[in-house]
Amino acid sequence: MEFVQNFPFFSILLSLFSGTVTSMLNGKWAKRVNGFVISAVMVMSAAVLFFVLKTGESYTFMMGHFPAPWGNEIRVGVLEAFMALFFCVIMLLSLIGGRAHLKEEIAESKQNLYYILVNLLLSSLLALIYTNDLFTAYVFVEINTISACGLIMIRQNGHTFEAATRYMIMSLLGSGLLLLGICILYDCTGHLLMSHIKESVVTLWSAGGYHIPLVVAIGFICVGLAIKSALFPFHSWLPNAYGYSTVSSAAILSSLVSKGYIFLLFKICYRVIGWEVILDSKIINILFVFGLCGMIIGSLSAIQENDIRRMIAFSSVAQIGYIYMGVGLGTTEGMVASVYHVLSHAATKSLLFVAAVGLTDASGRSKKFSDLTGAGYRNKLAGVAFTVGSLSMVGMPAFSGFISKLLFATSCVQNTPYKMLPTLICLGISTILNAIYFMKTVIRIYTPVKGSNDSILVKKSVGYAGALVCFMVINVVLGMFSTPIVNMIQIGLEMFS
Amino acid sequence: MFGPNLLANYGEAVSMILFAIGFTNLLLQKNLIKKIIGLNIMDTATYLFLALKGYIRGRVAPIVVNGVQDVEAYINPIPGGLVLTGIVVSVSVSALMLSLTIRLYRRYHTLDLDEISTLLKKEEK
């Protein structure tokens, strides 16, 4: 066994333990340790990615050298390693971009607590990505929820407490359903390791036994994860949670936390239940319908919103609808498009949140649209970044959003006779709605104010500027050089099954 | 389809009903404390389900005492382990919910989440 193969395990443990260390440090050192840990995990994930790409096959890692039925397992393939790498990059950039606000909005004595939560979140995300055991996945889902709740409420005001409570309630409903689904699957199959469950489920399904319990279990798991990742009818907690928390938290929550659950759903579809059984159970049709509704209704709510942060939050609802719609198409092409959209949305949404905070800072901390007029002139870089993010969300060529919309459109034309028309129509309507609210904002921030007052001075920070530039570069790279990434996703999905 | 299976598995049926009661309470109750009670009923129902599935009539807990090492003598220990992990998780989320409730109550002197939202909207104006 090569030494590189230990890295996924190391990165989970490193982020978990650094949380303990951070609790004893003050804010400044906590920040440094946190930055170091995320960078280290990033480097290790990159090494693992290269290793897996080179060997061309996935591997399983036994925890504590106990073989399968007794020990716990980690499984690493191309997609897992790539996701880990990507999540680390986005997390690091979000933290750097929101650092100035973190200092202001969080009490001095609580700064190190924030970094503990981030470390905990990172370790739970990595565990969700890598684990090969369904119950471990459940435990880390809960850890993810708890740390995400902490990230929301660490900026202490009434709004964040209310948002955190609503978030917790919806999340707990979701995890209750997930747990029950896992229990039923365990009872039907007698296994907890993903690959073993899949074998049993496929045999049971083809033999025609336990159809009802299996469908119920699949339904519980899908609905549970859909609630947790804020699919359309379950999104009520989302706008306040993203709108009032500190900017790094909003960026991390929208681009990583919900994506972690979606990635777990992909994994469960392919590795626990098996794609054929999922298709046969028709559950994905329900996800498809709710995904389509989410695309339209999320955008409509965003148009009515008068608060820039909440508008971006509602746009997340629409984008998550896209992802579920791609899953619901029921083809491999649709799945590839969904995975690509996970990447594209993560990169764009965090860019938008970080850029929006620069604009609101330049407008006297007001998030109302009327005050944002001309903000693009007052903070030029944030204005450009917001425009790039908006263009990407709308789906302009050369940006990442275009590629994902293209992939969705091409995938729904192939092999999906009944779903093609509704998908194309909703895609069209949703794109127009996206354009309405994003272009409205862009025009607003570039409308010059008469008797322009440059009195509001924006403190320039190198970290903030650097983070924005990096986000824009990631967006353009995802948009211009999509072929190798799409190929990688295809290889990764093949490795899944 | 329902008759004999339902009677044989009445414990599981009860746990599902309890789960539904807990789920509806957590979703629909206005009072935060009642919501947390609902959460606990929901989680406990899942543990009841797991424990029932792990239990085999006439066998004992898998602790070797009288030198009996036959697999047939013991029940399946894994559901017990899962229940234990689940209890730890549910304790920590209950604690988190309760602490949030205390924070909200100190600030707004009410336990009704909708009322808190209205108060927040007034605060903003």
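1. Let's start with Leu48(B), which counts as partly exposed because its relative accessibility is 33%. (Buried means under 20% relative accessible area, exposed over 50%, and partly exposed in between, with a 1.4 Å probe and protein chains only.) Leu48(B) sits in helix H3 of chain B; helices are DSSP runs of H or I with at least four residues, numbered from the N terminus.

2. A word on what you're looking at: this is a predicted model, where local features need pLDDT of at least 70, side-chain atom pairs count only at pLDDT 80 or more, and totals for chains, interfaces and linings use all residues. Residues are numbered from 1 along each chain as its sequence is written, chains are lettered from A and ligands numbered from 1 in the order in which they are written, and side-chain values use heavy atoms, leaving out hydrogens and water.

3. Leu48(B) also belongs to a nonpolar surface patch, together with Tyr10(B), Val14(B), Ile17(B), Leu18(B), Ile21(B) and Leu52(B), with about 600 Å² of accessible area together. (Patch residues have over 30% relative accessible area and no salt bridge, and nonpolar side chains (Val, Leu, Ile, Met, Phe, Trp, Tyr) are joined within 5 Å; areas come from the Shrake-Rupley method with a 1.4 Å probe.) Helices H2 (10-28) and H3 (32-54) of chain B each supply at least two of the patch residues, and H2(B) gives the most, with 5.

4. Staying in chain B, have a look at Val83(B) in helix H4 (residues 78-108). Val83(B) is buried, at 12% relative accessible area. Leaving aside residues up to four places away in sequence, Val83(B) touches Tyr47(B), Leu50(B) and Ala51(B); contact here means heavy atoms within 4.5 Å.

5. Now the two chains together: 31 residues of chain A are in contact with 36 residues of chain B. Between them the chains bury about 3,100 Å², 79% of it on carbon and sulfur atoms. (Buried area is the accessible area, with a 1.4 Å probe, that two parts lose on being put together, summed over both.) The rule finds 1 salt bridge across this interface. Asp114(B) and Arg166(A) meet in a salt bridge at 3.6 Å, N to O; the cut-off is a side-chain nitrogen of Lys or Arg within 4 Å of a carboxyl oxygen of Asp or Glu.

6. Over in chain A, 18 of the 20 residues of H5(A) are buried, so this helix is largely enclosed by the rest of the structure.

Methods
Patch = residues over 30% accessible without salt bridge, like charges linked within 9 Å, V, L, I, M, F, W, Y side chains within 5 Å.
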